[in-house]
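Let's take a walk through a protein model together. Keep the picture open and look up each spot as we get to it.

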Amino acid sequence: MDPDIRIGWLGTGRLGSALAARMISNGVAVTVWNRTASKTAPLVNLGASRAETLGALGRCDIVFLTVMSSPDLLAVTVGPDGLLSQQRAPRIIVNCSTVSAEAAAEVRTEAARHNVEFLSAPVSGNPEAIAGGSGSIVASGPAEVFDAVRPYLEAIAAGVTYAGTGEEALLVKLAHNLLVGIFTEALAEATTLAEKGGVAPSVFLDFIDGSVLGSKLLSAKGKAIRDRDYEPTFTTAGMRKDFDLGLAAARKLEVPMPIAASTHQLLQTAIGHGYGESDYVALYAMAAHGAGLADAERS
């Protein structure tokens, strides 16, 4: 990594902070900005510089973005106070958020008008996984832009995959998140079946962990089910947002996804029961509630 290349980071929520911290720990000087300035404090304590305004990030060569939604992405890039509306703009913008392909394409088109390159690089992994070095990134955009940014992506994630020249990375990430939600719902239903039949969830989940089905995801969600721990690594509302985007992509491409559609409605049910800001493993609470089990509420 070239020490003369200036790196900026816009958006220092839980995920953005974890990603930026990985970069800082690998010796990269990072300038950070967040709408709520106090959220940059942990990164400043790690050695980051704080930009006083969003526009100040225009002095950076590469700016990474982590925001919550497609409207947020548009606001901080093409909006009246966005990066592309400043007197100076970065050379490359890298979006690490899960947003719609349409929003990303709009930013890519506007960036090109300002001679700014754009790379989509959404991340798989919650903040704890990122901090532990087990995150994965899928990226798409011009190959030469990916090559320029790749050392920085590899500084924050163990796996980096190039998917193509357009918005392929976002489709990959949405398909990934649909699969994560479906797997979690399947685990919730199967655990509930065993539990209703008199088998302790811990017994069933220990068996799953040692079987061919054992995986990082099922192990982590199984532990949360054992502990009735719905502290969010990724919220139910956030997962619903990604299902909204994924199913919209499926409609556009005329791909039937009946299992994903059912899981989407079960996420909605969990939100209706007050689990919107809980971890999406609250799908288990809904499955258990539907089966008449009484002790699936939060611990």
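First, some ground rules. This is a predicted model, so to speak of local features we need pLDDT of at least 70, and side-chain atom pairs count only at pLDDT 80 or more, while totals for chains, interfaces and linings use all residues. Residues are numbered from 1 along each chain as its sequence is written, and side-chain values use heavy atoms, with hydrogens and water left out.

Let's begin with the domain. An unreviewed UniProt entry lists residues 6–164 as "domain: 6-phosphogluconate dehydrogenase NADP-binding". UniProt positions follow the numbering used here, feature names are shortened, and annotations may be inferred rather than shown by experiment. Helices (H or I, at least four residues) and strands (E, at least two) are DSSP runs, numbered from the N terminus.

Now find K173, which the unreviewed UniProt entry annotates as "active site". You'll spot K173 in helix α7, residues 168–196. Is K173 buried or exposed? Its relative accessibility is 7%, so K173 counts as buried. (Buried means under 20% relative accessible area, exposed over 50%, and partly exposed in between, with a 1.4 Å probe and protein chains only.) Leaving aside residues up to four places away in sequence, K173 touches T98, P122, V123, S124 and V138; contact here means heavy atoms within 4.5 Å.

Next, look at helix α8 (residues 201–209) and helix α9 (residues 216–227), which pack at an angle of about 170° with their axes 10 Å apart. Axes are lines fitted to C-alpha atoms, for helices over the stretch in contact, and angles run from 0 to 180 degrees between N-to-C directions. α8 and α9 are therefore roughly antiparallel to each other, a label for angles over 145 degrees. On the α8 side, the contact is made by S202, L205, D206, I208 and D209, and on the α9 side by L218, S219, G222, I225 and R226.

N115 isn't a glycine, yet has a positive phi of about 60°. N115 sits in the loop between α4 (101–113) and β6 (117–120), and counts as exposed because its relative accessibility is 71%. R228 has a positive phi too, near 50°, and lies in the loop between α9 and α10 (236–253). At 11% relative accessibility, though, R228 counts as buried.

Definitions and conventions. Angles under 35 degrees count as roughly parallel, over 145 as roughly antiparallel, 65 to 115 as roughly perpendicular and the rest as oblique.
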